[in-house]
Amino acid sequence: FIITGSTMSLYSASLANMTPTNENMQFGSPFGAFGGIPRNLYRLLAVIVHSGDASNCGHFITYRRGSLRNYHKWYLTSDHLVKEVSIEEVLSSPAYMLFYDRSHNRN
């Protein structure tokens, strides 16, 4: 997978080493006619983290990307708290749910 538009970009090792085959060039495949080049790019928008022992108790926090001019910044939001955090903190969190924005492949 590829994450763009953040302080760090992550590239999957398997994607970097991928070579075109009939299998990954089929219609409906996440990869286009060039095999290892994805048709869409995905940008991480938010990460939800759950802390607690069970699904019926605990606490959720959200790491979310800023908007407009602050799009490169990340914020932790929890009940009455909002604070700026580093991208390293976001990427090292034990994610419960991820939210992405899909943009079509650029020419």
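**How the strands, rings and charges get their labels**

Modeller: Let's start with the layout: from the N terminus on, the elements of the protein chain run β-β-α-β-β-β-β-α-β. This is a predicted model, where local features need pLDDT of at least 70 and side-chain atom pairs count only at pLDDT 80 or more, while totals for chains, interfaces and linings use all residues. Residues are numbered from 1 along each chain as its sequence is written, and side-chain values use heavy atoms, with hydrogens and water left out.

Colleague: How many helices and strands are there in the protein chain?

Modeller: The protein chain has 2 helices and 7 strands.

Colleague: What makes strand 5 and strand 6 a pair?

Modeller: Two strands pair if DSSP finds at least two bridges between them. Strand 5 (residues 74–78) and strand 6 (residues 81–85) are joined by 5 bridges, so they pass, and they run antiparallel. W74 stands opposite V85 in strand 6. The two strands form a hairpin with 2 residues between them.

Colleague: Which other strands pair with strand 4?

Modeller: Strand 3 and strand 4 pair in the antiparallel sense over 6 bridges, with I48 having T62 in strand 4 as its bridge partner. Strand 4 is also joined to strand 5, by 4 bridges and again antiparallel; there, R64 has Y75 as its bridge partner.

Colleague: Why is D79 called exposed?

Modeller: The scale is relative accessible area with a 1.4 Å probe, protein chains only: buried is under 20%, exposed is over 50%, and partly exposed is in between. D79 has 67%, so it counts as exposed. L68, with 80%, is exposed too.

Colleague: And what share of the protein chain is buried?

Modeller: Buried residues make up 31% of its 107 residues.

Colleague: What makes Y42 and Y100 an edge-to-face pair?

Modeller: By the ring rule, the count comes to 2 aromatic pairs. One of them is Y42 and Y100, with 6.5 Å centre to centre and 85° between the planes. The rule takes rings of Phe, Tyr and Trp (its six-membered ring) whose centres lie within 6.5 Å; planes under 30 degrees apart are stacked, over 60 edge-to-face, and the rest tilted. The angle of 85° is over 60, so the label is edge-to-face. Y42 is in strand 3 (residues 40–51) and Y100 in strand 7 (residues 97–104), 58 residues apart. With relative accessibilities of 34% for Y42 and 36% for Y100, both tyrosines count as partly exposed.

Colleague: How do you know that D101 and R43 meet in a salt bridge?

Modeller: A salt bridge needs a side-chain nitrogen of Lys or Arg within 4 Å of a carboxyl oxygen of Asp or Glu. D101 and R43 have 2.9 Å, N to O, so they qualify. D101 lies in strand 7 and R43 in strand 3, so this pair ties together parts 58 residues apart in sequence. The structure holds 1 salt bridge.

Colleague: Where does R65 lie relative to the face of Y71?

Modeller: R65, in strand 4 (residues 59–65), lies over that face, at 4.6 Å from the ring centre. The rule asks for NZ of Lys or CZ of Arg within 6 Å of the ring centre and within 35 degrees of the ring normal. The backbone oxygen of Y71 also lies 3.0 Å from a polar atom of the R65 side chain. R65 is buried but has no salt bridge, and D101, the nearest side chain of opposite charge, is 7.7 Å away.

Terms used:
Lys, Arg positive; Asp, Glu negative; His and termini not counted. Polar contact = N/O pair within 3.5 Å; in protein donor to acceptor, adjacent residues only side chain to side chain.
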